[in-house]
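Reader: I have a structure open and a few things to ask about it. Can we go through it bit by bit?
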Amino acid sequence: MNNSALQGSKTVRIRRVKFASLALAMMLAAGAAPARAAGTWTKAPASTSNGGPAFGLWLLTDGTVLSHGNALNHWVKLTPDANGSYATGKWTTLASSAYARGGAQEHVLKDGRFFEAGGEYIYVFPAGGSTSDYNTVEIYDPVANTWTLKTPSPLGDIGDTGSATLSDGRIMDSTRGASTTQIYDPAADKWTTSAAKPGGSGNENSWASLQNGGVLAVGGSSAAIYNPATNKWVATGKYPAGVSFGDTAGISLMFDGRVISYGFGQTAIYTPGPTAADPGTWALGPAMLMGNEAEDEYSVTETNGKVMIATYPKGGSPNVIQEFDPVSNTMAAVPPSTDQAPYPISYLNLPNGQLMVTCGGSDWFYTPDSQPQDAWRPTVSTVTVNTDGSYTLTGTQLSGLINGGDEGDDMTMAENYPIVWLKDSGTKVYFCKSFNFSTMMPLVGDAPQTTQFTTPAGLPAGTYDLYVSSVGVQSKVPLKFTVGMGGSNGGAGGAAGSAGTGGSSAGTAGASAGTGGVSTSGAGGVSTAGTGGVSTSGAGGVSAAGTAGSGTAGTGTAGGDASSGATTGGAGGVAGTIGGGGIAGSSYGGSAGVPNGGAATAGSTDETPNNRRAASENQPGCACRATGVESGSAPPIGALLLGLVALSWRKRR
């Protein structure tokens with residue numbers, strides 16, 4: 001693509017932005033769409049190595065944000081500053097991958113590495129490869145800053161297909177050509193064939209890990225749920241009348257366990273059963289605003305429980321950002337940032353509760369208008385030291401209750417793993433590297449979960465407030481963590497007391513070493529996992545009966561926050577305070593690009609914005625492929641920038 005063509009593309013985008021903003025303002029003024037109290041937008045730092053905004057967002061387990069650079073095989077990373085602020089963080093350039101993939105599968109792995117596979121489009125490939133390498137796999141090691149090619153999918157094409165992470169960290173995967181599914185074990189670098197999925201292949205599917213342990217696959221004319229315990233798929237109930245899916249948009253798991261999915265101008269809501277063996281049911285959700293379609297769109301469940309999706313109407317304009325409120329079952333328009341053109345194309349839940357967004361010419365942060373419910377928060381009960389110098393953290397809801405952002409078959413951003421950070425007595429924040437998660441699927445309730453973590457190099461000795469964030473939802477009560485010793489957080493909430501009265505004590509010993517209200521005089525019973533009287537020093541504080549999360553029968557739903565567990569005597573037992581712990585957030589948006597790549601099959605004669613409906617309007621899905629790419633070396637940067645923009649518009653713009 002020559003410079004004049006690239007400049008022309010930018011001019012078109014600017015005109016679209018102005019038109020979309022004007023149209024949205026007119027729509028709101030006329031009362032065509034209800035507007036609710038909205039969050040705020042803040043511009044993110046620019047990446048000089050990108051030459052423009054980022055594209056694609058993934059949260060690594062050390063709190064940094066991974067993204068594409070100025071091409072799909074170029075990679076960059078945003079690291080928050082010393083005070084934990086992403087808004088004043090720094091972008092750095094990383095090693096390049098062997099392939100430049102568009103419409104690929106991405107998953108953060110149990111050991112902290114990053115998995116990318118398949119691709120609807122292959123733009124750059126290694127020697128001996130080609131634009132048809134839709135079954136290939138690469139894994140990025142953020143510690144070594146290296147990409148490694150792994151065993152390809154034995155079932156062939158996994159480009160533009162649904163996938164999800166299982167509880168044990170393996171990847172559940174589908175193919176374009178058959179209903180057979182497969183599982184990839186990243187630790188063994190091995191693929192295993194699994195059960196066939198009802199309703200055909202995973203082509204153009206959106207998949208989501210559920211709170212009941214199953215994997216929901218949505219696409220085409222039917223949906224199904226996979227049960228890992230039995231290796232069986234079960235067809236769900238039928239879609240409600242009035243809902244149709246083409247190239248399925250991202251689907252959003254909500255805090256209450258339901259899933260909202262986006263059809264052409266109309267949503268549908270799936271309610272799962274208590275186990276993955278239950279087919280669940282579908283019901284009609286609210287219509288999209290302005291008759292918007294929702295094919296290939298990005299969505300995210302915010303930390304306040306609302307769901308954001310930016311859709312593009314069949315008529316072409318305006319672009320509308322909207323939020324679904326699961327409490328009122330309504331859609332409302334969200335005022336966009338100043339340069340969101342063509343529309344948000346990646347969402348990520350940051351550890352501080354903000355969204356990071358790529359859109360238009362800049363990256364952005366979005367701060368929701370309200371806080372998460374306390375029942376959704378992760379909790380921390382203990383941290384112990386391992387023989388290798390790492391730590392094991394035990395708590396509840398560490399894998400979160402939602403998946404986060406999603407774009408279905410084209411980009412997956414699930415964040416079902418905890419982020420651990422430390423805050424000193426001043427303003428300094430230190431992100432740790434977490435790994436070896438006990439579960440990587442959403443799990444609600446007081447079942448204990450664990451993760452290992454290592455502290456950053458050069459961490460000063462001393463005691464810190466330790467926090468955990470799960471898909472952007474922060475723990476409320478800090479654990480007092482001492483370097484080289486760990487810590488314990490009585491009353492941190494989450495796990496129920498083990499017996500009876502839950503930590504009230506009339507004895508003289510109080511809690512010992514902050515272990516959570518263990519009574520030694522018999523009157524109070526034993527309350528484990530942080531439900532009894534809180535004592536962080538164990539120096540004889542006598543717990544007041546019934547406080548500090550004793551709940552009834554020691555089971556309080558959140559175990560009680562430590563802030564309610566002040567003791568009535570002695571030096572120990574003062575409850576931990578919430579502390580600062582938050583991280584100044586940021587969100588970023590924008591698109592840079594990959595080349596459009598030439599011919600498209602299945603009737604889609606052109607992948608440009610104006611011709612996007614050539615195929616998908618007349619048939620479900622799209623089997624588009626890029627063919628016009630030079631092999632061996634990266635395309636010119638100008639073409640790649642334009643191509644990333646084209647990718648964000650593909651199949652529909």
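Author: Let's start with D157: at 21% relative accessibility, D157 counts as partly exposed. Keep in mind that this is a predicted model.

Reader: Why is D157 partly exposed and not buried at 21%?

Author: Buried means under 20% relative accessible area and exposed means over 50%, so a residue in between is called partly exposed. D157 has 21% and therefore gets that label.

Reader: Where is D157 in the fold?

Author: D157 sits in the loop between β11 (146–150) and β12 (163–165). Its C-alpha atom is separated by 8.9 Å from that of E120, and the two residues are 37 apart along the chain.

Reader: You mentioned β12. Which sheet is β12 in, and what is the strand order?

Author: β12 belongs to an open sheet of four strands, in the order β12-β13-β14-β15, with antiparallel pairing. β12 and β15 stand at the edges with a single partner strand each, so one side of each has no neighbour in the sheet. On average, neighbouring strands of this sheet are turned by 25 degrees against each other, direction ignored.

Reader: How many bridges hold β12 and β13 together?

Author: Three bridges, in the antiparallel sense, with β13 covering residues 171–173. In that pairing, T165 has I171 in β13 as its bridge partner.

Reader: What about hairpins? What do β18 and β19 form?

Author: β18 and β19 form a hairpin, with four residues between the two strands. N231, in the turn, has a positive phi of about 55 degrees. Strand β18 (residues 222–227) pairs with strand β19 (residues 232–235) in the antiparallel sense over four bridges. N227 stands opposite K232 in β19.

Reader: Change of topic. How many salt bridges are there in the whole structure?

Author: A search of the whole structure finds nine. One of them is between the side chains of E116 and R101, at 4.0 Å, N to O. E116 lies in strand β8 (residues 114–117) and R101 in strand β6 (residues 100–102), so the pair ties together parts that are 15 residues apart in sequence.

Reader: Are E116 and R101 buried or exposed?

Author: E116 counts as buried, at 0% relative accessibility. R101 is buried too, with a relative accessible area of 2%.

Reader: What about D369 and K306?

Author: Their side chains meet in a salt bridge at 2.9 Å, N to O. This pair links distant parts of the chain, 63 residues apart: D369 is in the loop between β30 (362–367) and β31 (379–385), and K306 is in the loop between β24 (299–301) and β25 (307–311). D369 counts as partly exposed at 29% relative accessibility, whereas K306 is buried with a relative accessible area of 11%.

Reader: And which residue does K476 form a salt bridge with?

Author: With D374, where the closest N and O atoms are 2.7 Å apart. K476 lies in the loop between β40 (473–474) and β41 (479–482) and D374 in the loop between β30 and β31, so the pair ties together parts that are 102 residues apart in sequence. K476 counts as partly exposed at 24% relative accessibility, and D374 counts as partly exposed at 34%.

Reader: Last one. Where is E407, and what does E407 touch?

Author: E407 is in the loop between β33 (404–406) and β34 (412–414). At 1% relative accessibility, E407 counts as buried. Not counting residues up to four places away in sequence, E407 touches G250, D296, E297, Y298 and M413.

Definitions and conventions
Residues are numbered from 1 along each chain as its sequence is written. This is a predicted model: local features need pLDDT of at least 70, side-chain atom pairs count only at pLDDT 80 or more; totals for chains, interfaces and linings use all residues. Side-chain values use heavy atoms; hydrogens and water are left out. Buried means under 20% relative accessible area, exposed over 50%, partly exposed in between (1.4 Å probe, protein chains only). Contact means heavy atoms within 4.5 Å. Two strands pair if DSSP finds at least two bridges between them. Axes are lines fitted to C-alpha atoms, for helices over the stretch in contact, and angles run from 0 to 180 degrees between N-to-C directions.
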